Amino acid sequence: MMKLGRIFMLTISLALLTTAAPAANNESGAERRHPSYKLIGRDASDLSSSMNLNFVVSEEVHLKESGFWRSSYLQESLVGLTVADIDGDGQNEVIYASEKNIYVTRFNSGQLVQLAQYSLPTSEKLVSVDVLDLTGDRRMEIIASGQDENHSPASLILKFSGSELTLLARKLPWYLRVLGPTDSRFLAGQKASFDRTGVYSGNVVRLNFDGSDISSQGVVELPKFINLFNFTLGRLGANNLQVTAAIKFPSEHIFLYEGQNRAWESREEYGGTMIYLTPANYRDNGNRNCEFLPSRLLIADIDQDGQNELIVAKNDRGGVPFMSNQRGFTSGTIQAFKYSNMSLTPFFRTRTLPGAGVDYQLADFNNNGTLDLVVAVVTEQKSGLMKEGRSVIVAYEIGNSH
């Protein structure tokens, strides 16, 4: 009986090998893979030259180190990054900010060369930086949001010309942000709450800057519980559907809205940073009663296939997760999602970053005619008054610039 059993098992094994062999010869490596492979990203055979091979579309793809750049280490914790031609000379500048400084730089000979710097008073701090042509002269202003020592809004607007930054307005009583798609961006703002129960008061509104002062131009229609820093607007999917994407604190899940209706919510946390705002007049200078701000959300066509993707940071949290006043991030990735059938599907991610991705842009940062994903990464967090932190800027080449 034992001998017959062995012969029976051997016969079955040979039959399986015989039937499997022709299929293996007729199928490509991609077709033999598990169907879930497609949920990770595009097949290696489908990777066009427009997509950077530093984007991990599958663990099966052996990636190269081409199309990647990184800056030298910056001895500060960055809070914001943007890329644009802010002086009208046809060359993009890279503008980045820490809590205390704003830097205007330009890529030259493989590095970012500083063109100008603006430093804040010790009593103020920044949480974001943007650019937009506010005055209609086809030259973009730098818009930075921050708080003063009383945790009141202390935003400012700067103009760059030649090698100088000119202050147009400071200590503006609004939190400021530039929102909207590339062809219809606008200045938005929100007031602060002064009852110590929260950071924000009232609706997010469109703003107008007349060269010295800011005035409201009407409410931005948004779903409930959305604030100035936790959302973006744009169109997603093959149907070009208008959506609002948000990351709400403290859950830090991605929420996707069609109008006022929630269409989708992630099960994981995204966008976490150490950047925060504190309720006005709150006496404790720590971060135990603060609102942590998510990293920027982008809706853009990163693979240039005619459909936008949602681009977010996925930062890995350190510290003690069940203690609200213990927070830190050890690494992260930038990820993109496709939207179809009322769901966001993972499309690609970058290789693991050596810290938290706090801000990022799609732009030609080095003026070579190709689009890049440029990321500000905090590798060591700011800690009290003695440690300012450390950061690095990295860039991944995408393809032909729009």
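**View 1. The largest cavity of the predicted model holds about 80 Å³ of space.** Lining this cavity are 13 residues, and those nearest its centre are Val-79, Val-127, Arg-177, Pro-294 and Val-358. Two or more of the lining residues come from each of the strands β3, β7 and β25. Sorted by class, the lining of the largest cavity consists of seven nonpolar, three polar and three charged residues.

**View 2. The second largest cavity has a volume of about 30 Å³.** Its lining is formed by Glu-252, Glu-269, Tyr-270, Gly-271, Gly-272, Asn-315, Arg-317 and Phe-329, and by class these comprise two nonpolar, three polar and three charged residues. The model has two cavities of 30 Å³ or more.

View 3. The lining of the largest pocket includes 20 nonpolar residues, together with 13 polar and nine charged ones.

**View 4. Several strands contribute to the lining of the largest pocket.** At least two lining residues are supplied by each of β3 (78-84), β7 (125-132), β11 (175-179), β15 (231-236), β21 (298-300) and β25 (356-363), and the largest share, five residues, comes from β15. The strands β3, β7 and β25, which are among those that supply the lining of the largest pocket, also each give two or more residues to the lining of the largest cavity.

Terms used. Residues are numbered from 1 along each chain as its sequence is written. This is a predicted model: local features need pLDDT of at least 70, side-chain atom pairs count only at pLDDT 80 or more; totals for chains, interfaces and linings use all residues. Side-chain values use heavy atoms; hydrogens and water are left out. Helices (H or I, at least four residues) and strands (E, at least two) are DSSP runs, numbered from the N terminus. Ala, Val, Leu, Ile, Met, Phe, Trp, Tyr, Cys and Pro count as nonpolar, Asp, Glu, Lys and Arg as charged, and the others, Gly among them, as polar. On a 1 Å grid over the protein atoms alone, a cavity is a set of points where a 1.4 Å probe fits but cannot get out, and a pocket is an open set with protein on both sides within 12 Å along at least five of seven lines; lining residues have an atom within 4 Å of a point. Grid points are joined across faces, edges and corners, and a volume is the space filled by probe spheres set on the points.
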